[in-house]
Amino acid sequence: MKFIRQRVTGTLLVDGERMALRLEDGEEPAIYLAFALVTQGIAAQIIPAVLLDDWGTEIKGLGLYDWVHENGLHFPRAEVFGFSPAGEKVQYFLRDMELFAPYPVYAATDKALPLADWQPVPAVLVPDGALMTPAAAAAPATIAGPLRKARVGWWRVPPALDSLDFIEARDLPLP
């Protein structure tokens, strides 16, 4: 069973304790993203591989996130099968999930890495040649799929920026 991944073009920046995904134009370098659904109460996370609705229909791929958003309230007995961020197999009923909560994001440069080696992504940087300093922003309109609904801080930044000093702990979403 493989968990659902999204390929984007970008670079993972690490600056001490801070980490961010800088989106790039073009086809390379590839970064792979995985998005977690979060349970109510204890906030356990599941990175989905497949969902089975009440009639046994399998929902796979990135469309699973849209299906949960659009149909989750109508299918509380639907089951999500996948992995914890530590790579352990888990499953939950949709009735246990926070259906409209932003998705925690995990990233890797190699999609074959074990999930336990993927890194949490708290911030996404969008290069903007018109800027001299970073500016907090909303997700660009061109971003689609689960990344648009991710639990990340969005920033517009100068294209050559490699330091993440501008990101304060208070600016990042909770893990």
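This is a predicted model: local features need pLDDT of at least 70, side-chain atom pairs count only at pLDDT 80 or more; totals for chains, interfaces and linings use all residues.

Q: Which strands does strand 1 pair with, and in what sense?
A: Strand 1 runs antiparallel to strand 3, to which four bridges join it, and Arg7 stands opposite Tyr32 of strand 3. Strand 1 also pairs with strand 2 in the antiparallel sense, here over six bridges, and Thr11 has Arg22 of strand 2 as its bridge partner. These two strands, 1 and 2, form a hairpin with two residues between them, and in the turn Gly16 has a positive phi of about 65 degrees.

Q: How many bridges link strand 3 to strand 9?
A: Strand 3 (residues 30-35) is paired with strand 9 (residues 105-108) over four bridges, again in the antiparallel sense, and Phe35 stands opposite Val105 of strand 9.

Q: Which residues should I look at in the largest nonpolar core?
A: In soluble globular proteins, nonpolar side chains tend to be buried together. The largest nonpolar core here has 34 residues, of which Leu33, Leu51, Leu94, Leu147 and Trp154 touch the most other members. Two or more residues come from each of strand 2 (18-23), strand 3, strand 5 (45-52), helix 1 (63-71), strand 9 and strand 11 (123-127), and helix 1 gives the most, with four residues. Apart from this core lies another, of 11 residues, including Ala30, Tyr32, Ala34 and Ala36.

Q: What does Trp154 contact beyond its neighbours within four places in sequence?
A: With those neighbours left aside, Trp154 is in contact with several residues, among them Leu23, Val124, Val126, Pro140, Ile143 and Leu147.

Q: How is the largest pocket to be read, and what lines it?
A: Rolling a probe the size of a water molecule over the atoms shows where empty space is left. The largest pocket holds about 290 Å³ of space and is lined by 13 residues, with Thr9, Leu23, Glu24, Asp25 and Ile143 lying nearest its centre. Strand 1 (6-15) and strand 11 each supply at least two lining residues, and the largest share, three residues, comes from strand 1. By class, this lining comprises eight nonpolar, three polar and two charged residues.

How values were computed. Residues are numbered from 1 along each chain as its sequence is written. Side-chain values use heavy atoms; hydrogens and water are left out. Two strands pair if DSSP finds at least two bridges between them. A nonpolar core is a set of buried Ala, Val, Leu, Ile, Met, Phe, Trp, Tyr and Cys residues joined through side-chain atoms within 4.5 Å. Buried means under 20% relative accessible area, exposed over 50%, partly exposed in between (1.4 Å probe, protein chains only). Contact means heavy atoms within 4.5 Å. On a 1 Å grid over the protein atoms alone, a cavity is a set of points where a 1.4 Å probe fits but cannot get out, and a pocket is an open set with protein on both sides within 12 Å along at least five of seven lines; lining residues have an atom within 4 Å of a point. Grid points are joined across faces, edges and corners, and a volume is the space filled by probe spheres set on the points. Ala, Val, Leu, Ile, Met, Phe, Trp, Tyr, Cys and Pro count as nonpolar, Asp, Glu, Lys and Arg as charged, and the others, Gly among them, as polar.
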